[in-house]
Amino acid sequence: MKPFGYTAVRDTGEAVRLASRTPDAAFVAGGTDLLNLMKDGVARPGHLIDVNGLDLAEVTETPAGLRIGGLARMRAVAGHAAVRRGWPVLAEALLASASPQVRNMASIGGNLLQRTRCGYFRDTGSPCNKRVPGSGCPAVEGWNRGHAVLGGSDACIATHPSDLAVALLALDAVVRVRGTAGERKVPIGDFYLRPGATPHVENVLRPAELITAVEVPRSATARRSRYLKLRDRATFEFAVVSVAAAVDLRGRRVRDVRLAFGGIGTTPWRSPEAEAALRGNDLTAESVARAGRALVRDAEPRHDNEFKVELVQRALAELLEELR
Amino acid sequence: MAEHTRRTVLKSAAVTAGGAALAARAPAAAGAAAVSIQPAQTAEITLSVNGRRRAVSVETRVTLLDALRERLGLTGTKKGCDRGECGACTVLVDGERVKSCLTLAVMRQGSEITTVEGLADGDRLHPVQEAFIRHDAFQCGGCTPGQIMSAVACIEEGHTGSDEEIRQWMSGNLCRCACYQNIVAAVADAAGEVRR
Amino acid sequence: MTELVGRSVARVDGRAKVTGAARYAADQPVPGALQAFFVLSTVARGEVVSIDASAALAHPGVVAVLTHRDLPRLTVPAFPYFRRFLPMQDTAVHHVGQPVAIVLATTVEQAQEGAALVAVGYRAAQPRVVIEDAREPSYLPPPFRNLPNEIRRGDAETALAGAEVRLEARYSSATRHHNPIEPHTTTAQWDGDRLTLHESAQGVLATRTVVSAAFGLPPEAVRVVAPYLGGGFGAKGPVWPHTVLTAAAARVLRRPVRLVLSRAQMYTLTGHRAEYRQHLRIGATRTGELTSIIETSTAQLSATEESVFNRSDSTVELYACPNLHVRYEGVRLDVATSSYMRSPETTSHFGLETALDELSWQLGIDPLELRRRNHAEFDQETGERLTGKHLLDCYALAADRFGWAARLPRTGATKDGDEYVGWGMATETHTFNAMPSTASVTVGVDGKALAQLATQDIGTGTYTVISQIVADALGVPITDVQAQIGDSALPPAGMSVASATIASISGSVDQAARAARAAVVDLAVADPSSALFGAAASEVETSNGHLVHVRDRQRRDTYRAVVGRAGRPVQRTATVLNKAGHSYGVVFVEARVHARLGSVRVTRVVTAHDIGRVMNRRTARGQVLGGVTWGIGHALMEHTVFDRNIGRVVNPNLSTYLVPVNADAPPVVETLFVDKPDPASTAMGARGFGETPITGVPAAIGNAIYHATGRRVRDLPITQDKLL
């Protein structure tokens, strides 16, 4: 690790001010991803701003929904009674993430900002457009079993690893961020950016902005929501494919539905096309199959990940069957 | 090693703030002042480990794991992967299990840290330690301190309702010798004992 | 007193391991030691053309950056050094992740950052790293240590051509890495021409041999210490370049040096299970008797070493078959050198045991019955009757416990909820080695016993078994026995590879302890102040620390009193040689395959093993549990990925190289043992065993998946995408 300065802050305003005037500064909360990136030489901040002392860790249920502080720990959110009752997909996605130890440490804000697990990105001995813009992408022609079939470009096909983000996408959550110019709200659907020609730009955060909270609206779909995560071992692994589904059913009729996916897109992937195939229709094997086909219509599989096109449709069918 | 009281920590912080260029982060309760350490400087910090306050000199980039092992001589906590992927470095911080390779020592001042060396009560082993021996829940021992710390927390969290639950909640600790069935048995057994 | 050998005895090193008191190699305090970290080649094939260490040397705390220009010229050691070249002796790059510089600094953090700051220039050529991309066709390498790479018996081609039934199949397996939890580590400390190494080693003597040879020193000049090992699985059996290079750096700088490899570095520096392909052709009668086996395997070899480790001992010897032709071929690739990994036979055994399952379906014969019909009563090479082999007993024991008789001989016949349920089985066998071993046992003036020998406990229970043997032989409580091992200065004994430890050392420990007992008894009966004075030595029995006259039990003495009166410890030494052999067994597996998602769970396993005498039921069961879960990893998830274009390992970590977690381990594993002492074994009737229980598991899982779904997967690992 490169030597870096360290400041523990007590006030959010102070945190963003310090970040704005300190070159190469990074916020640290749980540190569970940042420290690995620093050890691997992928991130080389000159100064860490420890935000753990900020008063942003509360999880509160409001009439409008749920407000999760940016510093709330994964464990606290997953175990929160209101979350389990009103937004079960959120608790399930969090419990399917990482390990108990990491869930004790990692913050919600940090979770949303974790970097891809692409092996080329995390290896400074390999080229990578995300790490070193313009250096090339070995994954496109190389090992890409873990990579995206949707939303990729010639420059990058890496997936975003957060299960939480997939769940939040199915819940229409809003990310609150604070910068030197004050606070703003970003719908989670607008938060992540596809790689295009600039895969090193992953989200809409501006320099020195800090995630202060995530707001999750209350809804009928949220109450009937679940997360299915498929992977190559029983647990403690990132998703090969995952599905977050939230449905409002009247009998078999789908009044409303939200579908989001992990492991298949370069960002947490929402599929309005798949939702449209279900909304207003009966939830049947046929309608679910139509939704699956709509989801993968534009899929561009590579050498090692073609199976995801099939697997994600099956995962969707499986989860919707459980929700029926 | 000298045991620092909180007062001496605060005093030394005050002194260095006015003189030399480094300062230690005060315990959380101490107030709102930001604390800052410059790059490549060694900070004198205090960690509370196994009930003792221990002074230690670290750069900011020193993980809690390396502070324990390389600076405080507490080598019971193991470094298996240094990336949070094996669990061998698991310790308790304020009673919660964390991976000590994924946190910086400077971030853990003012916290109460428990390592495998701090579990036994004199010669009397902790029930989890006893159960691990009784159930042969280890072979090489490389992951064992982490398994044991994780097990203590797993019981405390209440995640020992069934073998299946233990299997899930002990999956953050790899055992390459793969004594997993014996680990589950030991955790279940110790959970009963701790509750008694 | 009840004998301890054979019982379920708790590990004597348990307390040290559960309290953190056990000091592993990197835990030993060595004052003044510099911390080392390697700079590894980023290219797979080529040459180092420049090294700029200026930024590293300017980093605070960095003491030196050593390259091939700075290290002394070393001798490339012979076996058990595998690579046939030493890095940092010239500019050649033979594989990705080869050391090109060593950074030495005061702290670990400084050394690691220093290494990141060293700029290395290369002249690189396009590497070839997987079998499919090999430049040259596969070839038959020269024999590895007198073991031939081609074996013929009878006339296999003719027999195959005339066989009533024929089966042909190709099996393959990805590269695997051992991944012990403890990273490889070396701490080197010179005192003039004498070197002490704190080493993560499965063989303290082998390490001494290699390192002394590299420096042109007599073996006695090197002392290797390894009281505890945090897992090896074969990775720490060979001596790898980092050990020699760390010692060289310490010599150049005249300071102690500690190196701990990072997890990622272990994917190119410490061996692996080679990528492997196997082409099997089998001839049989309609009633299932094997008449011919023809096998050609292809293993990934490195640019510098052509040893083949994935040998097919089971194809050659496990079943009765008069005609056989086996070839172990290889292809040269720009990868690091492979070596042995927990049961090297596992790869080839998967093909054989899968092929037999395929044959059983083809013939409509129960797979267990098929194996019974081909049971080898005679050594297939020498024709000698295999008297100590109880494999048929294993079949009977485990099949009964598993309930195999209830198996439905149809695929896809059983569904439970969303999952198809399948049963599979496979025979298990492993060739264990044995090495000459000397042990010394000392009874001190305090009556306590000390056993000393230069073997190791790699987690298999060596400390405990030695203590059991000594306690039994002397007749003292196990708490009065201390075992001291893991130090090359102790009497020479076997290394802990090839399941050899117990088979090698047990006889010498037992004999030394019996000799020490006899010597103490002799002291007692010759001592006028002993109640046993004048008795015949044969009339004295020993139990629980006491020496007792067999007919007049009032006449008694104690070890402590007898040796105490003598005033000096009683020490005896014994050397025993055992011979290599086989352990056998069978594994039955229940696997569940999700009908829609293809995910596999192994839910129930029953094993039975014939390992000669079981020395410690508890630690023996531990080896089975480990082997079963290793088999799950091998069958379902583990694989190392090389990028075919740039030659780098893409998943050198434990989050993308997946090993099983607790939730992957089967909840139910029943471990049965035949437990009949092998009369041919000088190790108190025990045979080597540790690796046997992985060998059949991958095939048993694959066979269960076939039974569940009708899908035959011949390429490992069986990830869920192969079952969609």
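How much of residues 19-126 of chain C is helix and how much is strand, and how far apart are the end C-alpha atoms?

1. This is a predicted model, in which local features need pLDDT of at least 70, side-chain atom pairs count only at pLDDT 80 or more, and totals for chains, interfaces and linings use all residues. Residues are numbered from 1 along each chain as its sequence is written, while chains are lettered from A and ligands numbered from 1 in the order in which they are written.

2. Residues 19-126 of chain C are 15% helix and 32% strand, with the end C-alpha atoms 50 Å apart; helices (H or I, at least four residues) and strands (E, at least two) are DSSP runs, numbered from the N terminus. An unreviewed UniProt entry gives this stretch of chain C as "domain: Aldehyde oxidase/xanthine dehydrogenase a/b hammerhead".

3. Within chain C, the peptide bond from C:Phe79 to C:Pro80 is cis, with omega near 5 degrees, and C:Pro80 sits in the loop between strand E3 (62-67) and strand E4 (92-93). The bond from C:Leu716 to C:Pro717 is also cis, with omega near 0 degrees, C:Pro717 lying in the segment after strand E28 (715-716).

4. Chain A contains 14 helices and 12 strands. Its radius of gyration (taken over C-alpha atoms) is 19 Å, close to the 20 Å that the globule rule (2.2 Å times the number of residues to the power 0.38) gives for 324 residues, so chain A is as compact as a globular protein of that length. Buried residues (20 or more other C-beta atoms within 10 Å of their own, with C-beta atoms placed from the backbone) make up 60% of the 324 residues in chain A.

5. In chain A, helix H5 (residues 88-95) and helix H9 (residues 163-170) pack at an angle of about 170 degrees, with their axes (lines fitted to C-alpha atoms over the stretch in contact, angles running from 0 to 180 degrees between N-to-C directions) 8 Å apart. H5(A) and H9(A) are therefore roughly antiparallel (an angle over 145 degrees). The contact (C-beta atoms within 7 Å) involves residues including A:Val89 and A:Leu90 of H5(A) and A:Asp163 and A:Leu164 of H9(A).

6. Two residues of chain A other than glycine have positive phi: A:Asp172, near 55 degrees, and A:Ala208, about 75 degrees. A:Asp172 is in the loop between H9 and strand E6 (174-179), and A:Ala208 is in the loop between helix H10 (188-191) and strand E8 (210-217). A:Asp172 counts as buried, with 20 C-beta neighbours inside 10 Å, and A:Ala208 is buried, with 20 other C-beta atoms within 10 Å.

Definitions and conventions
Angles under 35 degrees count as roughly parallel, over 145 as roughly antiparallel, 65 to 115 as roughly perpendicular and the rest as oblique. Two residues are in contact if their C-beta atoms, placed from the backbone, lie within 7 Å. A residue is buried if 20 or more other C-beta atoms lie within 10 Å of its own, exposed if 12 or fewer, and partly exposed in between; C-beta atoms are placed from the backbone. UniProt positions are given in the numbering used here, feature names are shortened, and annotations may be inferred rather than shown by experiment.
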